[in-house]
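Please read the following report with the sequence and the model side by side. It is written for someone meeting this structure for the first time.

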Amino acid sequence: MSTATTTYLATRTHTAIHLSNAVAGAIAEVLTHLGISARGLMTDWSTEYDPAIRAWIVEGSLEKIVVECHRPSGAVDPVLEFPIEYYSDGSGTLSHRHVALARQWAKLKSVPNGTTFKVICTYCGPHTDQPGWGPAQRASTSGLRGVSLGTLAAGDHASASIRYLTS
Amino acid sequence: MARHRDIAASPVRTAAETWDVIRDLIAATLDRSEHIDGELVRRVLDDAAPAGTALVAAGYTGGADITLVAAPLRLTIRTVGGSEAFKAHADENLNPVPGAATAQDWTVYLPRPAGLSALVDDVIGGAEHLSSGPPPQEAQESTNSNSAVIDLRSLDPARRS
């Protein structure tokens with residue numbers, strides 16, 4: 001019996017694609033559970049969100065992707081955070097825990113009609129300008145309780161975890 | 001005629017790129033039929049992109065089929081993610097899938113996982129040629145085909161009178 005193996009080189013670009021995909025899927029599913037349409041987000045993801053997020057992960061400047069849900073009352077609740085951790089030695093392992101985490105998201109309570117969302121990125125160092133992105137201010141999260149749901153996805157050079165903050 | 005294709009997804013392709021590859025494969029396959037306009041197919045699948053992209057991004061298309069039924073062709077498509085995506089990319093066959101040359105109608109069935117059901121329904125609800133219901137197990141011949149129906153029971157000697 002003969003065997004054969006093939007080795008593939010996973011680059012920072014692959015890691016960035018993998019994490020951006022995972023975050024897109026997670027945001028879409030969480031928003032859907034909350035009762036917020038993710039149609040617009042997914043329509044625009046490939047042109048407005050994904051290129052910037054991938055570029056910032058490749059350069060190692062993206063600290064966190066934040067999704068704020070703004071209720072008609074003015075309250076910001078819940079908030080979803082995706083902190084990015086970098087591995088300078090490329091020691092990460094490809095993984096994606098979406099299906100396992102989906103059981104947690106199924107427990108989320110819906111938000112009132114008219115609730116909208118904002119996607120905000122924070123940085124851990126100098127970052128390149130990306131089309132369509134400008135300065136933004138995060139809403140206060142005081143009064144919200146955070147629950148960490150662990151790693152959402154990982155690549156060789158970085159991972160994205162997920163944290164959910166709600167009242 | 002059952003066929004299957006695996007399409008490489010994350011981390012080889014973004015979710016949107018993966019959906020585009022699936023769209024192009026289905027459109028090129030159906031364009032072989034003189035009854036189906038490949039450009040119309042592309043437009044329909046472009047309209048479904050928000051749902052398709054989310055399904056791919058979340059990884060659901062790795063465990064559930066996207067199914068094209070264009071009798072006599074029944075094509076199932078799955079995405080391959082993670083480390084297996086590299087090999088899937090190397091082995092990928094993106095040529096038009098044989099079997100749809102005589103097809104007269106077509107429907108693409110998308111997975112409808114509970115977590116994205118509202119998004120899938122929102123995007124493809126009421127759209128011609130798209131469905132989130134379970135696909136038929138076999139591609140049915142269209143009603144105006146020229147194929148003959150054979151009653152197999154008549155070939156059973158025990159049933160002949």
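The report below takes up the sheets, the contact between the chains and the nonpolar core.

This is a predicted model, in which local features need pLDDT of at least 70 and side-chain atom pairs count only at pLDDT 80 or more, while totals for chains, interfaces and linings use all residues. Residues are numbered from 1 along each chain as its sequence is written, and chains are lettered from A and ligands numbered from 1 in the order in which they are written.

In chain A, six strands make an open sheet with antiparallel pairing, where strands are DSSP runs of E with at least two residues, helices are runs of H or I with at least four residues, and both are numbered from the N terminus; two strands pair if DSSP finds at least two bridges between them. Because β3 (95–96) and β4 (116–123) of chain A stand at the edges with a single partner strand each, one side of each is left without a neighbour in the sheet. Strands β2 (76–86) and β6 (158–166) of chain A run antiparallel and are joined by six bridges, and A:Y86 stands opposite A:A158 in β6(A).

| Helix | Strands touched (chain A) | Angle between directions |
|---|---|---|
| α1(A) | β1, β2, β3, β4, β5 and β6 | about 20° with β6(A) |
| α2(A) | β1, β2, β4 and β6 | about 145° with β1(A) |

Chain B has an open sheet of five strands in the order β1-β3-β2-β4-β5, with mixed pairing. Within chain B, β2 (66–70) and β3 (73–80) pair in the antiparallel sense over five bridges, and B:L68 stands opposite B:L75 in β3(B).

Between the chains, 31 residues of chain A are in contact with 23 residues of chain B, contact meaning that the C-beta atoms of two residues, placed from the backbone, lie within 7 Å. On the side of chain A that touches chain B, α1(A) gives the most, with 12 residues.

The largest nonpolar core has 95 residues, and A:I27, A:A28 and B:A54 have the most contacts inside it. Such a core is a set of buried Ala, Val, Leu, Ile, Met, Phe, Trp, Tyr and Cys residues joined through C-beta atoms within 7 Å, and a residue is buried if 20 or more other C-beta atoms lie within 10 Å of its own. Residues touched by B:A54 include A:G25, A:A28 and B:L116, not counting residues up to four places away in sequence.

Notes:
Buried ≥ 20, exposed ≤ 12 C-beta atoms within 10 Å, placed from the backbone. Axes fitted to C-alpha atoms, helices over the stretch in contact; angles between N-to-C directions.
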